[in-house]
Amino acid sequence: MVDVQTSAPGGGAMLMPTPPRRRVMPGWAIFMIGVVSVVGVLAATSYLTGEPALTSSSTMQNTVTLGLPILLCGLGGIWSERSGMINIGLEGMMILGTWGAAWGGLNGGPWLAVLCGAAFGALGGLLHAVATVTFGVNHIVSGVAINLLGAGVTKYLSTLIFEPLSSNPRDSPPIEQFETFSAPGLSDWLGELEAEQRVVISDVAGLVRGLVTRVSPVLLLSILLVIATYFVLWRSRFGLRLRSCGENPIASESLGVNVYLHKYIAVVVSGALAGIGGAALVLGSSPSIYSEGQTANRGFIGLAAMIFGNWRPGGTLAGATLFGYSDGLRLSSGPETVHALLYAAVIVAGLLVIWQLFKRRWNVALFAAVGAVAVYALYYATDELPTEFLPYTPHIITLVVLALAAQRLRPPAANGMPYRRGEGD
């Protein structure tokens, strides 16, 4: 925002801020263009490399299953960090949610599993809030402690409660899963189109079929939570006050906002969402069990999805889909298909070069061109990626995406800053 100089009534000059620039296109239009672009890149890569699994329905189903826990943790991060509270303890809260979901599922079915997962995650969030908001503990220190505590507590509880039932201190007995449903008629028709292997048409059919086949209530719940997060935080008075606590808590307090209360609510909701993510992970596994180490650092990837999405729900959904896709592709196919992602990266880099040349950003265009050549050389020189690297595909993509997106990020201004009541007096 640039200040402009105008004449004051007394003949002097005063600075008037210029209004912020308006978006050329609304956010939903940008999102849809992004979706079309991603589908186009995947369809082109599938055709040019001969790897139909890139856009198959099984890959999309795995993407949904593995992306939901990441999405829910990312939403939890939005709630917490928009209030000014860094929450790297999402991994520990998610671990608590996995154990709580297994315990609840054993005692009352899948819906109780979701509720208990949310409750156990919320307890972790409450502990984080007490430490950071009330006692002023450093947010990072508290988050690390929550991660360690979550792993330790669930290990103890699993040995105490699950071992007599499953004869294994690391796993719980299987719990009841949700019944899934498919769109009648539509799923079969899309399956026929996918089997025909027609360029673009079969690719789109496969991706859409993965979204409408064997749909779990957890998916619908997650979509509702994305929408609710947007409307509560960006379209309500409560959300405006909560976000003001993350931008300038002293000014918010001077206007009568109970900063402590809003931070407490945000961090507890953050833990509950991470716990639901843990429940989604348990209910989405086959068989549906709690297993030690089950989260596999997905809480941290959820934080990466939140940062990729610039602390907004829509962007976080896109980030979770990206990371879930890279993991789902690994499970639904082999190293050759994951290797084809290098070709997709070459196409993306080429499009970036064209865009940067159009914008007359010569240095960025040159850097993107060099990257495209290097990645293509790696793709041409190898037939498949080493199997040892496949489990770390989402983590590698996380690092690359965050490195490329770092220039456009804008976190809340007071995120992580210590605050004590009455500082503005």
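Predicted model: local features only at pLDDT ≥ 70, side-chain atom pairs only at ≥ 80, totals over all residues.
Start by selecting arginine 209 and glutamate 194: their side chains meet in a salt bridge, with 3.6 Å from N to O.

Is glutamate 194 buried or exposed? With a relative accessible area of 12%, glutamate 194 is buried, because the cut-off for that label is under 20%. Arginine 209 has a relative accessible area of 23%, so it counts as partly exposed.

Select arginine 198 and glutamate 196. These two form a salt bridge as well, and their closest N and O atoms are 3.2 Å apart. Here arginine 198 is partly exposed at 42% relative accessibility, and glutamate 196 is partly exposed at 44%.

**On to helices 12 and 13**

Select aspartate 327 and arginine 298. You will find a salt bridge whose closest N and O atoms lie 3.3 Å apart. Which helices does it link? Aspartate 327 belongs to helix 13 (residues 313-332) and arginine 298 to helix 12 (residues 298-308), so the bridge joins distant parts of the chain, 29 residues apart. Hide the surface for this one: aspartate 327 and arginine 298 are both buried.

While you are looking at charged pairs, select Lys155, Arg170 and Glu292 together. Salt bridges with shared partners join these three residues into one network. How many salt bridges are there by this rule? The count comes to 6.

**Last stop: a nonpolar patch**

Bring the surface back and select Tyr47, Leu48, Val199, Val200, Val204 and Val208. Together, Tyr47, Leu48, Val199, Val200, Val204 and Val208 make a nonpolar surface patch of about 530 Å². Colour helix 1 (27-49) and helix 7 to see where much of this comes from: each supplies at least two residues of the patch.

Valine 204 has a relative accessible area of 35%, so it counts as partly exposed.

Methods: Residues numbered from 1 in each chain as written. Heavy atoms only, no water. Salt bridge = Lys/Arg side-chain N within 4 Å of Asp/Glu carboxyl O. Buried < 20%, exposed > 50% of the residue type's maximum accessible area, 1.4 Å probe, protein only. Helix = DSSP H or I, 4+ residues; strand = E, 2+ residues; numbered from the N terminus. Patch = residues over 30% accessible without salt bridge, like charges linked within 9 Å, V, L, I, M, F, W, Y side chains within 5 Å. Areas by Shrake-Rupley, 256 points an atom, 1.4 Å probe, with all protein chains shown as cover.
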